[in-house]
Amino acid sequence: MRERTGNVAAEAREAFAAWISESDDGRVFGEVRIEKDGSGYSIRHIEDEGGENLDVSTDPTDAREISRFTESGEYRPLKSSPNLRRRWELRLSGEAALVSAMNYFYPAGAVHWHLDREGELETTSFRENASRQSGMYERAKHLSDEAAQNAAKACCEDDVCLKKTLWDIDDDTPLEAERGDGEIPCPEPCSVFVSFARRVRSFEKEEIYADSDGLTPSEKEDIAALVDGAASGGVSFAREAEFEEPVNERRMRYRRLTLAPKLRPEGESG
Ligand code: SF4
């Protein structure tokens with residue numbers, strides 16, 4: 001990796017603006033489409049390409065509020081989750097405003113995108129990241145390779161995170177999860193992943209309490225919560241980062257990998 005000189009943020013801003021300008025149809029970055037609009041830029045949700053009935057703003061800092069909550073008003077702990085709300089448009093005057101808005105939508109996304117394209121983005125493996133954790137997150141250090149792989153499949157694939165996962169478990173153990181097709185690189189496990197890994201470690205530790213069918217206490221708790229929810233007319237999901245709650249999407253994705261095979265007779269698939 002060559003030594004970097006100069007101002008990375010300024011280089012990234014120029015490169016990002018040039019990349020947008022080179023395309024007649026605009027570019028998709030995460031869940032937004034960015035188009036050149038005269039001397040400025042237009043940013044919209046990718047589902048709002050028709051452009052009707054949008055709430056238009058010219059202030060890049062409005063991106064902070066737009067990206068904070070989902071359509072249903074839930075806080076978004078992970079900006080790269082595919083749950084950005086719709087029906088807004090930012091019409092921005094220049095490169096600085098464009099990158100400022102993008103940094104609210106996808107913090108550090110444009111700089112990471114630029115460094116990745118230049119072959120200069122440094123990555124940090126899960127083991128290296130976990131070795132730095134302390135306090136309540138220290139538990140993530142003890143996760144087995146198999147559980148770490150499943151945690152990444154449950155937490156990082158495109159259905160739940162639009163970043164392209166570049167990190168591995170360690171230098172000798174590549175990630176098995178689908179890394180994703182998006183433009184925004186993920187060079188290191190994020191805090192949401194570390195928090196999820198900590199919860200998955202607690203699932204691993206309770207294996208010693210599995211019953212004669214191999215089911216652990218929290219697996220039975222999850223099955224009961226799903227049955228209760230379905231019997232009451234609908235399963236309501238826990239918030240995105242509430243991994244201690246039974247019906248959390250990433251937790252359920254992990255169960256699909258680890259619990260569903262235990263429940264299905266051999267040879268049947270889901
Ligand atoms: S660690 Fe996983 S969930 Fe977190 S930003 Fe990267 S790809 Fe997304």
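Where in the chain is the place of Val-235?

Analyst: Before the details, note that this is a predicted model: local features need pLDDT of at least 70, side-chain atom pairs count only at pLDDT 80 or more, and totals for chains, interfaces and linings use all residues. Residues are numbered from 1 along each chain as its sequence is written.

Val-235 sits in the loop between helix H8 (217-231) and helix H9 (249-258). Helices here are DSSP runs of H or I with at least four residues, strands are E runs with at least two, and both are numbered from the N terminus. Val-235 counts as partly exposed because it has 15 C-beta neighbours inside 10 Å. On that scale, 20 or more other C-beta atoms within 10 Å makes a residue buried, 12 or fewer makes it exposed, and anything in between is partly exposed, with C-beta atoms placed from the backbone.

What does Val-235 touch, not counting residues up to four places away in sequence? Leu-226, Gly-229, Ala-230 and Val-247, where contact means that the C-beta atoms, placed from the backbone, lie within 7 Å. Ala-225 is 10 residues from Val-235 in sequence, and their C-alpha atoms are 8.4 Å apart in space.

Phe-237 is found in the loop between H8 and H9 too. With 14 other C-beta atoms within 10 Å, Phe-237 is partly exposed. Leaving aside neighbours within four places in sequence, Phe-237 is in contact with Val-247, Asn-248 and Glu-249. So Val-247 is touched by Val-235 and is a contact of Phe-237 as well. Val-200, 37 residues from Phe-237 along the chain, has its C-alpha 18 Å from that of Phe-237.

Now H9, where the loop ends. The buried residues of H6 pack against H9, as well as helix H5 (126-131), strand E6 (164-165) and H7. Those buried H6 residues are Ala-148, Asn-150, Ala-151, Ala-152, Ala-154, Cys-155 and Cys-156. The length of H6 checks out: its 12 residues should span 16 Å at 1.5 Å a residue, and its end C-alpha atoms are 16 Å apart, which agrees. The expected span is 1.5 Å times one less than the number of residues.

Cys-155 and Cys-156 turn up again around the ligand, together with Leu-78, Ser-80, Cys-161, Lys-163, Thr-165, Cys-186, Pro-189, Cys-190, Val-192 and Phe-193. The elements giving two or more residues to the shell are helix H6 (145-156) and helix H7 (191-205). By class, the shell has nine nonpolar, two polar and one charged residue. Here Ala, Val, Leu, Ile, Met, Phe, Trp, Tyr, Cys and Pro count as nonpolar, Asp, Glu, Lys and Arg as charged, and the others, Gly among them, as polar.

Finally, the wider layout. The domain assignment, automatic or from a database, gives domain 1 (8-117) and domain 2 (126-263). Their C-alpha centres lie 29 Å apart, and 14 residues of domain 1 are in contact with 14 residues of domain 2. On the domain 1 side, helix H4 (residues 109-117) supplies the largest share, four residues. That side is made up of six nonpolar, five polar and three charged residues.

Conventions: Two residues are in contact if their C-beta atoms, placed from the backbone, lie within 7 Å. A residue is near a molecule or strand if its C-beta atom, placed from the backbone, lies within 6 Å of it.
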